[in-house]
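Please read the sequence and the structure shown here before going on. The paragraphs that follow lead through the parts one after another.

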Amino acid sequence: MAVPTDTAPPILTVSGVDKTFTMHLQGGQRLAVLRGLTFEVRAGECVALGGSSGAGKSSILKMVYGNYAVDGGSIVLRHPAGGTGTARGGDGVDLATADPRQVLAARRDTMGYVSQFLRCVPRVGALQIVAEPLVERGIPAAAARERAAQLLSRLAIPQRLWSLPPATFSGGEQQRVNVARGFVTDLPLLLLDEPTASLDARNRDVVTELILAKRARGTAVLGIFHDAAVRDAVADRVVGVEGFAPAIGAAA
Amino acid sequence: MTGLDGYNLGYLDEQTKKMIRRALLKAVAVPGFQVPFASREVPMPRGWGTGGVQVTAAVIGPDDVLKVIDQGADDTTNAVSIRSFFAAVAGARTTTRTDEATVIQTRHRIPETPLAEGQTIVYQVPGPEPLRFLEPRETETRRLHGLADYGLMYVKLYEDIARYGHIATTYDYPVLVAGRYLMAPSPIPSFDNPKMHRSPALQLFGAGREKRIYAVPPYTDVESLGFEDHPFEPQRFAEACALCGSVGVYLDEVITDDVGGSMFVCSDTDHCERAAAAEAPAATVPAATIPPVEVPPVEVPAVEVPAVEVRPAAARPPAAPIPAPGTPPVGVVAAGVARPLLAVRGAGHRYGDRWGCRGVDLDLWPGEVLAVVGESGSGKSTLLGTLAQRLSLTEGRIRYRTAGDATVDLAEIGERAVRQLWRGEWGFVHQDPADGLRMHVSAGGNVGEPLMATGWRHYGEVRAAAAQWLRRVEIPAERIDDAPVTFSGGMRQRLQIARNLVVSPRLVFMHEPTSGLDVSVQARLLDLIRSLVAELGLAVIIVTHDLAVARLISHRTLVMKDGRVVESGLTDRVLDDPQAAYTQLLVSSILQG
């Protein structure tokens, strides 16, 4: 396993992050979820977020991915040295305050995300959905499709389904297409939101292998794994999210 | 020489003649430009040559010799009547001989005998606007002339070739005068077009009903339009005139009996008579054996009348200088990639005392898709119209980085420059395809028009590019010659997209492009837009009330309410973690499919 030297700065540094949802439709009720969330993820390391349902684990992934707004604190993403373009190694970008273009650049060059559910695009076939992230990064279409095909085979999606839009697939098949889409690129940080939910044992093992392979190549992984077996197999350590829950009544 | 009692010499009063002469001077100064004039009543119906009669009345003088022809003939009712009219009211000498005349008034022909320096030919014009065929709005055609934006004329020629295999326009064939103004030469046969080019005579055109006068001064270039691979071809006749034996002249077919017999004879009776006389010197060919002829264009001649005099022809300055085209270099800023394509600060548009939108700031970068969402009346369409320069900018600034990497302030560059942006760098996809397409022009012509407007002059290339784009938007190749009126709603919208993208724009405005289509058609269109935008690296501003559309194709979203931006950011951030109360309401109102 390519464990980096201790002196290398973490790829992801989360410090003092607060998150509160304000629900204007319910009379402006405020729901505090996190206070002072702090942790780091280094290259080649897999960190699991622990805690019960509703503790804010998915919200953390979404804040890191720029999908949720951050109320306070910082989320600094550093692209490892050797990067190019907007993602050169160095100071990194604070995703808590970054403008949309910086977030988009970070998504393109530094971090990938496998959500809980595949967001289907009408009329686009599974193979193309999986190949798309590569094409968007300038990989020739033929090569991208080839890599996508390898992943889909590995995840046991029958070839006759490849040209069909996944909207009509079963839940497990959709999730595997989603995993394939997230794993097809090689980005320094991978965010996984229950990648093995709704998968059978065989496919769960394949996904576990894929995660381990990513780590071996130096990818940092931050994930939510409800399945204890998977978590034990892939994670170096667990960050307990409940430790950062605000005190009861401290919300307002 | 006196006119009829009670009438001024030349029939028109002196003030009217002065007014017409002023219009003529302007027309001569700006060759091919249509000068409006206060067309008067003359003693014949509108459409029977009133424009020509007024011009002739304004230029004819006591020393002039007038010839009048009607489709080449000196002896039709109209020709005879107008001749006798001027003989009576102007005391003018008249003739049927082209070489003796100083002023020739004509309906739809140029004589076969070459015109000479010092002669003036006055054309009767039924329809002065060559672009009217495709553009019904006078304000728009004037603007097109002002900007020398003549792609439209080529659309007509394109349609001819697509339909008939060649340019089928045989009369009133459009010409470009002195390299600047597009002009209708009146319904003369295209056979006569070459005679206009650098003619030593002064050519004046009068449209009485349409109240326009225009002119071609002597020795002016008159170019008949065409494509490189389908150049202008004047009509040709294989036969010789059955009466005089002339070849290479314009012939009319004359029916000689009621069992289908016919013969071809010169349409120019003066030429025919003299050619026949020269051939058989001793012969006594009766002069007016040639019957009048029927021909396509409008107008039926007839006149009867009274009397007076006039003055010699107007001055003839050379061709006027042409205003230099090109974008004015306004506010040029240094080059660089790290600047947005469009930078908007504090933009607002006011309708009377209400603001449609106000205080809008945004930057749009190349390759970025920005969605503007909000309910009806939120100001999103007003914002789009303001950004697209369709509505005035009441306050604020909009700066745009051109393809030449100059940053221009859109409020300052002027209409001509903005139009150039529309032709080469911008596109606009309307909600209703009928607003963005020419519904009665073929699909190929619709897609080809922007190319022809930017100078493409090769029919084969225009057609190939159009065919390729139809393929890209999934319209079957065999529909290329069908007009969008025969297309389904989804096909029309795809055609509109092809028409917009064919010139590889850098910035495309889209106004609710998918609403009004049924769901499956919507999905197909969205997928198409999504892939084309990614493939071509377009910057897009799309107005939609459909948050699903925004999520599917946009990078960033702007939420508007009551003319203000209430929230903006990454599309998935705005939709998944909306901050503003109004956005939360919008998001919570989405139907779950």
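A nonpolar core is a set of buried Ala, Val, Leu, Ile, Met, Phe, Trp, Tyr and Cys residues joined through C-beta atoms within 7 Å. In this predicted model, the largest such core has 218 residues, and Val130(A) and Leu189(A) touch the most other members. Helix 5 of chain B gives this core its largest share, eight residues. Setting aside residues up to four places away in sequence, Leu189(A) touches Ile11(A), Leu12(A), Val41(A), Leu77(A), Thr110(A), Met111(A), Ala220(A) and Leu222(A). There is also a second, separate core of 11 residues, with Phe191(B), Cys244(B), Tyr250(B) and Cys272(B) among them. In soluble globular proteins, nonpolar side chains tend to be buried together.

When contacts in chain B between residues at least 6 apart in sequence are considered, 69% of them join residues at least 24 apart.

Strands of a sheet pair through backbone hydrogen bonds, either parallel or antiparallel.

Strand 5 (residues 120-124) of chain B runs parallel to strand 8 (residues 202-207) of chain B, and five bridges join the two. Across this pairing, Thr120(B) is opposite Leu202(B), and Ile121(B) is opposite Gln203(B). Strand 5 of chain B is also joined to strand 4 of chain B, by four bridges, and these two run parallel as well. Here Gln105(B) stands opposite Val122(B). Is strand 5 of chain B buried or exposed? Five of its five residues are buried, so this strand is largely enclosed by the rest of the structure. Thr120(B), Val122(B) and Gln124(B) point one way from the strand, while Ile121(B) and Tyr123(B) point the other way.

The axes of helix 1 and helix 2 of chain B are 9 Å apart, and the packing angle is about 100°. Helix 1 of chain B is therefore roughly perpendicular to helix 2 of chain B. From helix 1 of chain B, Lys17(B), Ile20(B), Arg21(B) and Leu24(B) meet Gln54(B), Val55(B), Ala57(B) and Ala58(B) of helix 2 of chain B. Sorted by class, this contact has five nonpolar, one polar and two charged residues.

Further along chain B is helix 11 (residues 443-453), in which 11 of the 11 residues are buried, so the helix is largely enclosed by the rest of the structure. The buried residues of helix 11 of chain B pack against helix 5 (151-164), helix 9 (414-424), helix 12 (459-472) and helix 13 (489-501) of chain B. After helix 11 of chain B comes Gly455(B), with a positive phi near 100°.

What does each chain bring to the contact between chain A and chain B? Chain B contributes 19 residues and chain A contributes 15 residues. On the chain B side, helix 14 (519-536), strand 22 (564-570), helix 16 (571-576) and helix 17 (581-588) each supply at least two residues. The residues on this side of chain B divide into seven nonpolar, five polar and seven charged.

A last stop is in chain A. Thr97(A) is in the loop between strand 5 (93-94) and helix 2 (100-109) of chain A. Thr97(A) is exposed, as 10 other C-beta atoms lie within 10 Å. In sequence, Thr97(A) and Ala69(A) are 28 residues apart, and their C-alpha atoms are 8.8 Å apart in space.

Technical notes
Residues numbered from 1 in each chain as written. Chains lettered and ligands numbered in written order. Predicted model: local features only at pLDDT ≥ 70, side-chain atom pairs only at ≥ 80, totals over all residues. Contact = placed C-beta atoms within 7 Å. Nonpolar A, V, L, I, M, F, W, Y, C, P; charged D, E, K, R; others polar. Pairing = 2+ DSSP bridges. Buried ≥ 20, exposed ≤ 12 C-beta atoms within 10 Å, placed from the backbone. Axes fitted to C-alpha atoms, helices over the stretch in contact; angles between N-to-C directions. Parallel < 35°, antiparallel > 145°, perpendicular 65-115°, else oblique.
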